[in-house]
Amino acid sequence: VIAENRNVFAGAFVDRSGERRKDDDWLAAALDSDDSRFVPVWRKRCLVAGDPPGIALLTRRQLDRPVDEHELIFLGIFKDHPTFAFSVDGETPAYDKRGDFQELRYLGTVLPPDEANLAAHARALVGWHASQVYCGRCGSAARPAAAGNARQCVNEDCGNQVFPRVDPAIIVLVHDDDRCLLGRQASWPEGRYSTIAGFVEPGESLEDAVRREVYEETNVRVGRVSYHSSQPWPFPSALMLGFVAEATSTGIKLNDGELEDARWFTREELLAGACKLPFSISIARRLVDHWLGLAGRS
Ligand SMILES: [Zn+2]
């Protein structure tokens, strides 16, 4: 039984209403309705207002300029409102009188779960469109399609269609009796350690990726692998797939040099603050808390 996913940014709070994405009449009516809500994204940041901050859900009348309907990304129905995201350009963003544009990593620590999920969804799609201006097959322009949930090459001889990208990455807490394996990258804040992570490669199962990444980064061999939970991590497009795994060897060697250090920590050491633990909103932290027996508090 997989428990309800309580990872920050996760949760099916938006009814994505996939059947509406090609319903032009419904979309036109929604864009013209005072009932619809609009989420601006500027430089990967979402607009928030209030204390504590809440995500700014603008009405049609609050839009500074008419947004080209092709630039609007239909996210779905959020709290009974058709909800769209759009990209805001410029050195000084429009709508800055209505609140502050804030980074998603910060917003994950302050927004309620449903708004954090909406913000992650909006940021991921706006960022994806910005990275797919041209067709990757023929080099012609590509334009948004399916209400911003796909892109289509304008060259009719090509007709290439692309869909939003999600990059699966495994993240794993490896344990050996009362010790767990954590590592750190040189660029991280001093003293911070985290669970082992890496992208899944073509032709790999998730279990294969867990075993390969742990071996490459630490030389540790892993036996049984169990799924824990997953987390959307749109920086820019990862999906973190969390696992717990049992070590079958314990000697550490930093094979691929990705980590600056890796060590075995006992529960006692972690609880006593032997290292700085991963960022509070990350699935890495939740995996560590789960192993420490603090799952109810994470
Ligand atoms: Zn093309």
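Visitor: Leaving aside its neighbours within four places in sequence, which residues is Ser 230 in contact with?

Guide: This is a predicted model, in which local features need pLDDT of at least 70, side-chain atom pairs count only at pLDDT 80 or more, and totals for chains, interfaces and linings use all residues. With contact taken as heavy atoms within 4.5 Å, the partners of Ser 230 are Asn 5, Asn 7, Ala 10, Leu 239, Met 240, Leu 241, Gly 242 and Ile 283.

Visitor: Is Ser 230 buried or exposed?

Guide: Ser 230 lies in strand 13, residues 222-233 (a strand is a DSSP run of E, at least two residues, numbered from the N terminus). Because its relative accessible area is 16%, and under 20% means buried, over 50% exposed and in between partly exposed (1.4 Å probe, protein chains only), Ser 230 counts as buried.

Visitor: Which residues does Phe 74 touch, not counting those up to four places away in sequence?

Guide: Phe 74 belongs to strand 4, which covers residues 73-78, and its relative accessibility is 0%, so this residue counts as buried. Around Phe 74 are Arg 16, Ser 17, Arg 20, Arg 21, Trp 26, Leu 27, Pro 82, Thr 83, Phe 84, Ala 147 and Asn 149.

Visitor: How many Å apart in space are Phe 74 and Arg 6?

Guide: Along the sequence, Phe 74 and Arg 6 are separated by 68 residues. In space, taken from C-alpha to C-alpha, the distance between Phe 74 and Arg 6 is 25 Å.

Visitor: Is Asp 89 buried or exposed?

Guide: Asp 89 sits in the loop between strand 5 (81-87) and strand 6 (100-103). Because its relative accessibility is 59%, Asp 89 counts as exposed.

How values were computed:
Residues are numbered from 1 along each chain as its sequence is written. Side-chain values use heavy atoms; hydrogens and water are left out. Helices (H or I, at least four residues) and strands (E, at least two) are DSSP runs, numbered from the N terminus.
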